[in-house]
Amino acid sequence: MQVALRTVELRRARLPLAQPFRSAHATRTERDVVVVRVEAEDGPDGWGECVAEPEPTYWPEYTATCWDVLVRHLVPRLLDGRPLSEVKGHAMSKAALEVAVIDAGLRASATSLGAFLGATRAQVPTGIALGIADSPDQLVEQAERWYDDGHRAFKLKVAPGWDVEPARAVRKALGDDVALVADANGSYRSDDADDDARLRLLAHAELGLAAIEQPYASDDLVGHARLARMVETPVCLDESIGSLGDLDAALALGAIDALCLKVGRVGGLVEAVRLHRRCREAGIAVRAGGMLETGLGRAVNLAVAALPGCTLPPDMGPSSRYFAEDLTPPFEAVRGTMAVPDAPGLGTAPRPDVLERATVDRLVLRAPSP
Ligand code: MG
């Protein structure tokens with residue numbers, strides 16, 4: 001998509017989370033995020049969010065490196081009309097820029113992101129991510145609150161020692177009409193007999209998990225292939241898949257039954273569409289992943305979750321799941337479903353007052369004069 005740009009504005013913004021979120025790798029209490037605004041020569045602005053976290057514990061990129069690579073390498077190339085692919089890696093920073101440019105282009109042509117990507121649904125089911133709790137009882141209490149509000153799919157963060165027992169407790173409390181995904185964020189080792197035993201129990205039919213996500217380290221495709229042969233529960237990969245090449249390797253090895261698709265992790269919307277297509281060709285399910293995004297990233301995730309073949313529960317909750325005050329007008333859930341934005345582009349934009357209050361750093365880069 002060709003959009004002539006006048007400026008790119010970067011903001012680093014901090015938004016407190018509604019409640020702390022604990023996974024196998026970290027506990028988050030705020031969203032520390034780079035927000036991108038591209039100003040077109042002629043036409044509406046476009047917005048993007050860099051989904052990286054403040055620490056490199058999920059993925060090598062983190063907020064401060066994203067800011068740095070955007071300022072020094074990516075934005076200058078974008079403003080100079082050079083391809084971002086000249087820069088190796090830095091998928092999340094590239095994706096933030098790409099989304100903002102595509103948003104500007106789609107707004108100019110009055111096309112929604114969902115329509116652009118090929119979304120086939122106007123609504124998607126929610127999937128509530130539940131972090132590691134202090135006890136199974138506390139986890140069940142949280143799950144029941146969301147269940148009572150109409151939500152029927154949950155992603156449980158697991159780690160060695162916090163896996164079978166909490167999953168069993170949630171399944172027992174909520175019964176068989178909820179979908180459960182267990183996400184380990186690579187916290188098990190494929191060469192550890194105890195870990196192996198725990199994963200086999202987690203994959204046991206009695207728990208009825210829709211998928212086990214990223215049990216092993218991101219580069220352990222061989223371990224994932226062995227597990228996928230051993231258990232019936234689909235093995236879903238997240239951190240292992242940063243590109244189409246990674247996906248092809250995982251498919252060739254039989255290491256993947258489902259893909260957790262995140263636009264940031266794969267470097268943008270164009271690459272995400274390629275991976276989605278490959279999953280459809282290979283007949284594997286897709287799960288629209290999330291990263292504690294503000295409403296800007298949530299709009300992207302909603303469009304992805306509405307693609308055909310996204311049959312596993314997404315990481316998708318209303319704004320109130322994440323923030324007391326979201327950057328954008330809040331996204332609501334009604335009886336466990338959320339509407340996919342159908343307005344042009346992302347279909348949402350930051351509320352100026354919230355963005356201003358949350359901003360801790362700001363930089364405007366200008367296109368070189370012709
Ligand atoms: Mg995951």
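Domain bounds here come from an automatic or database domain assignment. For the protein chain, that assignment gives domain 1 (5-109 + 351-366) and domain 2 (115-339).

Before the details, the conventions. This is a predicted model, where local features need pLDDT of at least 70 and side-chain atom pairs count only at pLDDT 80 or more, while totals for chains, interfaces and linings use all residues. Residues are numbered from 1 along each chain as its sequence is written, and side-chain values use heavy atoms, with hydrogens and water left out.

Back to the domains. Taken over C-alpha atoms, the centres of domain 1 and domain 2 are 24 Å apart. Their contact, meaning heavy atoms within 4.5 Å, takes 33 residues from domain 1 and 43 residues from domain 2.

Now the packing. In soluble globular proteins, nonpolar side chains tend to be buried together. By nonpolar core I mean a set of buried Ala, Val, Leu, Ile, Met, Phe, Trp, Tyr and Cys residues joined through side-chain atoms within 4.5 Å. Buried is under 20% relative accessible area, exposed is over 50%, and partly exposed is in between, with a 1.4 Å probe and protein chains only.

The largest nonpolar core has 90 residues, and Leu 113, Phe 154 and Leu 202 touch the most other members. Helix 10 (residues 295-305) gives the most to this core, with seven residues. Helices (H or I, at least four residues) and strands (E, at least two) are DSSP runs, numbered from the N terminus. The core lies between domain 1 (5-109 + 351-366) and domain 2 (115-339), because both give residues to it.

What does Leu 113 touch, not counting residues up to four places away in sequence? The list is Ile 102, Leu 106, Leu 269, Val 300, Ala 303, Gly 345 and Leu 346. There is also a second, separate core of 30 residues, which includes Leu 10, Tyr 58, Cys 66 and Leu 70.

The search runs on a 1 Å grid over the protein atoms alone: a cavity is a set of points where a 1.4 Å probe fits but cannot get out, and a pocket is an open set with protein on both sides within 12 Å along at least five of seven lines. Lining residues have an atom within 4 Å of a point. Grid points are joined across faces, edges and corners, and a volume is the space filled by probe spheres set on the points.

The largest pocket holds about 660 Å³ of space. It is lined by 21 residues, and the closest to its centre are Met 1, Leu 78, Leu 84, Glu 98 and Val 101. Helix 1 (63-79) and helix 2 (91-108) each supply at least two residues of this lining, and helix 2 gives the most, with four. For residue classes, Ala, Val, Leu, Ile, Met, Phe, Trp, Tyr, Cys and Pro count as nonpolar, Asp, Glu, Lys and Arg as charged, and the others, Gly among them, as polar. On that basis the lining of the largest pocket has 13 nonpolar, four polar and four charged residues. Both domains give residues to the lining, so the largest pocket lies between them.

The second largest pocket has about 310 Å³. Of its 16 lining residues, Gln 19, Pro 20, Gly 131, Ile 132 and Gln 142 are the closest to its centre. Strand 1 (5-22), strand 5 (128-130) and helix 4 (136-148) are the elements that give two or more residues to this lining. Domain 1 and domain 2 each provide at least three of its residues.

How many cavities of 30 Å³ or more does a search of the whole structure find? It finds three. The largest cavity has a volume of about 210 Å³. Among its 19 lining residues, Phe 21, Lys 157, Gly 290, Met 291 and Leu 292 are the closest to the centre. That lining divides into seven nonpolar, four polar and eight charged residues. Since domain 1 and domain 2 both give residues to the lining, the largest cavity lies between them.

The second largest cavity has about 130 Å³ of space. Of the 17 residues that line it, the closest to its centre are Glu 49, Val 51, Val 263, Gly 264 and Val 300. Val 300 is also one of the residues that Leu 113 touches.

One last residue. Asp 238 is in the loop between strand 9 (235-237) and helix 8 (244-253). Is Asp 238 buried or exposed? Asp 238 is buried, with a relative accessible area of 0%. Leaving aside neighbours within four places in sequence, Asp 238 is in contact with Tyr 58, Glu 213, Gln 214, Cys 260, Lys 262 and Arg 265.
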